Amino acid sequence: MAEHEHVRVAVIGSGFGGLGAAVRLRREGITDFVVLERAGSVGGTWRDNSYPGCACDVPSHLYSFSFAPNPDWPRTFSGQEHIRAYLEHVADTFGLRPQIRLNHEVVMMRWDGDALRWEIETAQGRLSADVVVSATGPLSDPKTPDIPGLDGFPGKVFHSARWDHDYDLRGKRVAMIGTGASAIQIVPSIQPDVAQLTLFQRTPPWVMPRMDRAITGPERWLHRQLPFTGKARRGLLFGIRELQVTAFTKHPKQLGAIESLAKANMAKAIKDPQLRAKLTPSYRIGCKRILLSSSYYPALAQRNVEVVASGLKEVRGSTVVAADGTEAEVDAIVFGTGFHVTDMPIAERVVGADGITLAEAWKDGMESLRGATAAGFPNWMTIIGPNTGLGNSSMILMIESQLNYLADYMRQLRVLGGRAALGARASAVHAWNRRVQDRMKRTVWNTGGCDSWYLDANGRNTTIWPGTPSEFRRATRAVNLAEYEVVRARAEQETAGDRAGTATGAAEAVA
Ligand SMILES: Cc1cc2nc3c(=O)[nH]c(=O)nc-3n(C[C@H](O)[C@H](O)[C@H](O)COP(=O)(O)OP(=O)(O)OC[C@H]3O[C@@H](n4cnc5c(N)ncnc54)[C@H](O)[C@@H]3O)c2cc1C
């Protein structure tokens, strides 16, 4: 990279969000962009999570881009290697490779109000961009709890998102920490091979059967020959999930009906009443993510598995000790303890117009306008920003909505002329978040009686969208300029005086 290279747009990250943004920019006729990726290959989530059993839990025909349908998904819920290959294929098909800069971790970006651009420092040097699209992922930085004594553990330790494939778990005594979406895929995959598996469970998840099957040759042939059949399949998967949303957002009591299905899923495999009691959640289904597995409970019923209904408290030599005092000697500890979500790590690395970082601006909780932009951070947009998560459907739907918003944002900037930026008005950000939080009050995520990673340190839900994906699609179809101020270069404002007007004045004129 040349020193001080300048581009129209810098996209950070090459998962679904970053690659999707790159394709969308191309479609808008914008070719002056780069994709900065810290890793050595594209794929994001699906590159980093390669643990045994890793697969999506939203059907593949919905968990993929609408503009890049894949008639050849091998299973209804495809595995990590296939999703990763799909993203590599997207990068090739749309000719994105020349613009992707691998091993380019973004370490800092600063808004330059004089030049109206972002100065970006990467692991490989500097560049600047008029617009930054931050697609660094909601679940890309693993979180490992600070456990006393862990440093002195003589065995192997790793996180589910950084699986050590050189370490052979066969015949080992393994402690699995956590019972979230990754853990319930890992447990049945490693249980047959390990000598002993001790599962540390702070809170039991609700687990529904997983309707996974191979997609047959004739089905794939049909999707290849008659693409509308693949679209119809996607439409059906979308529609079913769309109809489920009001139970999560407005009528959580209705979800009670499916708790019995989850209990039946458990009862079929777990015959021991004491173990069943340990595994039965005490909160409303849906409050934490509903997990899908038909092999988790059968694995827990095996003789080499012990479920400890308590979190890991400390490690003493090779002994892991639970908060309830249970002890087990193990050779390896696998953390399935999730990610930094409400404390988005990239926020520490963005310095806005007022000289403060996004993390400082968000010290009381993440807040954005329509999940995308933040007050004080002109021309900076995040993909899968605050309150864009879904409890029951595909995040690709939300990403594509945000790409519509990005496309319109770029169009608006073009209309405003070269030397202008758009900054979200604080009043618009607050109004949007008031509406989001008002709607959140009735949802199962806030009323279901659980503590989850959807909530931040203050107990505020800053991650989930409290509506349907279609509502979000409508809310992000176009940029409402009344919610933005037009930011002009300081020097230009000083010299042009009244002609350019204040930033606010210019915005009012446009709106
Ligand atoms: C195991 C697992 C299973 C999941 N299954 C589903 C599912 O079934 N359905 C669903 O809807 N969602 C699922 N998700 C959520 C998933 O994260 C999103 O669906 C989606 O993949 C997010 O894409 P992204 O591009 O926003 O983020 P990511 O895929 O996380 O990509 C972010 C990229 O940014 C890069 N990056 C981060 N920081 C920097 C930096 N400072 N500089 C440069 N590059 C940086 C990362 O290396 C990464 O490549 C799952 C998540 C996990 C972890």
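Student: By class, what residues does the shell around the ligand have?
Tutor: It has 16 nonpolar, 13 polar and four charged residues. Here Ala, Val, Leu, Ile, Met, Phe, Trp, Tyr, Cys and Pro count as nonpolar, Asp, Glu, Lys and Arg as charged, and the others, Gly among them, as polar. This is a predicted model: local features need pLDDT of at least 70, side-chain atom pairs pLDDT 80 or more, while totals for chains, interfaces and linings use all residues. Residues are numbered from 1 along each chain as its sequence is written.

Student: Which residues come nearest to the ligand?
Tutor: Gly13, Gly15, Gly17, Gly44 and Gly137, of the 33 around it. A residue is near if its C-beta atom, placed from the backbone, lies within 6 Å.

Student: And which helix gives the largest share of that shell?
Tutor: Helix H1, residues 16-27, with three residues. Helices are DSSP runs (H or I, at least four residues), numbered from the N terminus.

Student: Switching topic, what are the domains?
Tutor: Domain 1 is 5-141 + 340-510, and domain 2 is 150-211 + 238-335. The bounds come from an automatic or database domain assignment.

Student: What does Ala10 touch?
Tutor: Leaving aside neighbours within four places in sequence, Ala10 is in contact with residues including Phe33, Trp118 and Val132.

Note on methods
Helices (H or I, at least four residues) and strands (E, at least two) are DSSP runs, numbered from the N terminus. Two residues are in contact if their C-beta atoms, placed from the backbone, lie within 7 Å.
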